[in-house]
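Let us walk through this model together, starting with the whole chain and moving on to single residues. Keep the sequence and the 3D view side by side as you read.

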Amino acid sequence: MVPAGLIRKLGHQLAEIRERALKSILCKIEHNLICHADLIQERQLFLHLLEWFNFPSVPMKEEVLNLLSRLVKYPPAVQHLVDFGAVEFLSKLRSNVEPNLQAEIDGILDGLFILPSEVPALSSASYQTNQMELSKNPEILTGYFPQDKSNFQQMEVPPRPVVNQTVKCLKFSVFPWLPLTTTDRHVLSSNESSLRSSNHTLIWNTCELLKDVIMQDFPAEIFLQRPKIVQSLLSLLKLAFGGDGKHRLALQSVSCLQQLCTYLRNRLNFHRDPGFFSNKQDTVSQNSSLSYCHEARGIHHSQNPSPGSSSPRPSVVGRTGQRPRGDGQDWDAVSSSGSSSHAHINSRISVHSPLDMGHIDLPELETEDTLELQFQQLSLPQFCVSILESAVPLLRTGSRQMIIRVLELLAEDMTLIGEAVSADIWDDSSLFGIDMKEKLLLVLGALGETMCYHKSSVSLEQSEVILVHHRMAFISISLFAVRLLQTLLPVEKASKFLPEPMSAALFLLSLDMPISLEYPNIHEAVVAYLEQLNSENYSIYKQTAEAVYSIECTCNFLSDIEKEGEKDLLELVELADQSLRSFSYHQHFPLIKEIISICSKIWKSAQASPLLQGESQKVLLHMLSHPLPQVKVETYHCCLEITKECLGVHNVTKPVSSLCNGIHFLLHPKVLYEISVFGIQEPKSELCQAT
């Protein structure tokens, strides 16, 4: 990988800085510190090489054209150049250069005249890097010949047609390419062959070897750049439903893939910020086979290449020295450290610095077709989606251990996919975006079906063990599914893209009371998606939620009534009002008597505020006119009992004023109007008698 600083300097305003940056890149190519496979990944490199001719001073024209001529042999480079309008630019540039350079431009143009079908559709996605906005590069919009009459003629460049749509849904695509020695390739090939064996013991031992040794010897991205081992592991997941112990091999595969996801996340963090993430920033690991004596280097290099652009890893077998660590940071510590610390090494072993590898013959690397391999590699988004496709069906197994292990794998995978794919995938019309979108929708649909399966499998006829299994599976899978939706699918797009099985599952999840209490944030997210998906289901949820809240208020009201000491009457009235809304469900008739008693107590007190009296009166009128006849009958009956209690003959010796206080709540004009106009006219005999 070319240092980003050198690429930026190619566009510097000072000709001397541009020239030094170009010479540095050419020198690195000459000494095999970087290769053409590294250069074609750098989209901005092609932009700066074309803009090289826009400056008033244009040195090293022949070297720039020669470099473009070499790079144009690779389809990804052709794609980048065509995207920048290189055909029109070079055609116009041809007439403004010396005759000896015109032949060089003709060769570049011949390389650009490739049929679109010959350029892989995913090449631009596979080598996508961070791009600057076109608005920040007016040169692109106005052509490559702005107001500069000192070197070239002023001419207008017509807008170039769009050749291929750009993939815009990726946050991260592929890691920098890492070449391997023949011995390393043999190690990977041997393990891949073992994974395809019909011998279960051999497969088991190979998985153990992968986890304990191979994945700790190779940087994790190697397994995406040469994906046969990953593909074999994904195939092993299908054995989860098999008998004769085959499911154990699937568990081994799950464990390997989970470990790989963890290592990939570490590598991704390292590439984003090597200085921050490296475990040893000031020292070189003594276990690294790349360690070397500082005195043997002669000079201290202030700028080191990244692990993807330096020469290949040493062989992972047959060495007498220690093997490098599995997260690939032995190289990282060397390449990212500016320290002059010494590393101990056996003097009998000749180990070279990555910076010195350019002076060593590398015959082992020449047998590998790097370009073909790069087209076969898995991008990080493709790897993540492949795991989702292969692992989600395993969530239907009857094995508790399998579900737990698969969910652990999916949790790691979800973290990676959130780092690799953006929410723009749903608006991406490129071939890559459409393919990813279709696969994700299938995964979401399968998740929804699995959630519904575990939810519907819970019945009282089953044993407690089975009930617990399905219940725990439903909760765990639901949590993962909602978090995956939050990672990938904006709420406002749910109605357009979310498949029907997931919509049905979210409806069931919204009505799950224990989950809403234990995971309130998840519940809120589910309700937000449900509101966008299905208005009818959302209405059912709202009614259910209101009924549940009303029943909760009923319980709180009855609990507070029984408490001793001074009570908050206003809060009790509010709880009473809410509790009446769910009376048709719980039909707890003692509640009515308690509410009537509270109303009587409030109006009996001379210190009661008008607000409190008004709120209690609303509750009383609500009960007197309740749609359920049983509620109205019980309300009139309780009012009659209180009236008899206050005005009965047994109170003849008490002052009249004190007796009437208990029925003040019935003497308000609104209450008397309700009783006389509607209560007396009721056809129900029980209600008429109470009235």
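Among contacts between residues at least 6 apart in sequence, 76% join residues at least 24 apart. The model you are looking at is a predicted one, and its secondary structure comes to 36 helices and 0 strands. Of the 691 residues of the protein, 49% count as buried.

How much confidence does the predictor place in this protein? The mean pLDDT is 77, and 75% of the residues reach 70 or more. Over residues 115–165, however, the pLDDT is below 50, although the model gives this stretch 89 contacts beyond near neighbours in sequence. Residues 279–366 also stay under 50, and here the model has 175 contacts beyond four places in sequence.

In α2 you will find Glu19, which counts as partly exposed because its relative accessibility is 24%. Leaving aside neighbours within four places in sequence, Glu19 is in contact with Trp52, Pro59 and Met60. Glu19 and Trp52 are 33 residues apart in sequence, and their C-alpha atoms are 10.0 Å apart. In α8, look for Asp110; at 54% relative accessibility, Asp110 counts as exposed.

Aromatic rings come next. A search of the whole structure finds 6 aromatic pairs. In one of them, the rings of Phe53 and Phe89 have centres 6.5 Å apart and planes at 50°, so this pair is tilted. Phe53 lies in the loop between α4 (43–51) and α5 (61–71), while Phe89 belongs to helix α7 (residues 86–94), so the pair ties together parts that are 36 residues apart in sequence. Are Phe53 and Phe89 buried or exposed? Both are buried.

Rings also meet charges here. The charged end of Arg18 sits over the ring of Phe55, 3.8 Å from its centre. Elsewhere, Arg248 lies over the face of Trp204, at 4.4 Å from the ring centre.

Helix α32 (residues 610–624) holds Ser616, which counts as buried because its relative accessibility is 1%. A polar atom of the Ser616 side chain lies 2.8 Å from the backbone oxygen of Gln613. Beyond neighbours within four places in sequence, Ser616 is in contact with Val573, Cys599, Ile602 and Trp603.

What span should helix α33 (residues 629–647) have? At 1.5 Å a residue, its 19 residues should span 27 Å, and the end C-alpha atoms are 27 Å apart, which agrees. The buried residues of α33 are Val631, Lys632, Val633, Thr635, Tyr636, Cys638, Cys639, Ile642 and Cys646.

Technical notes
Residues numbered from 1 in each chain as written. Predicted model: local features only at pLDDT ≥ 70, side-chain atom pairs only at ≥ 80, totals over all residues. Heavy atoms only, no water. Helix = DSSP H or I, 4+ residues; strand = E, 2+ residues; numbered from the N terminus. Expected span 1.5 Å × (residues − 1). Buried < 20%, exposed > 50% of the residue type's maximum accessible area, 1.4 Å probe, protein only. Phe/Tyr/Trp six-rings, centres within 6.5 Å; stacked < 30°, edge-to-face > 60°. Lys NZ or Arg CZ within 6 Å of the ring centre and 35° of its normal. pLDDT = per-residue confidence, 0-100. Contact = heavy atoms within 4.5 Å. Polar contact = N/O pair within 3.5 Å; in protein donor to acceptor, adjacent residues only side chain to side chain.
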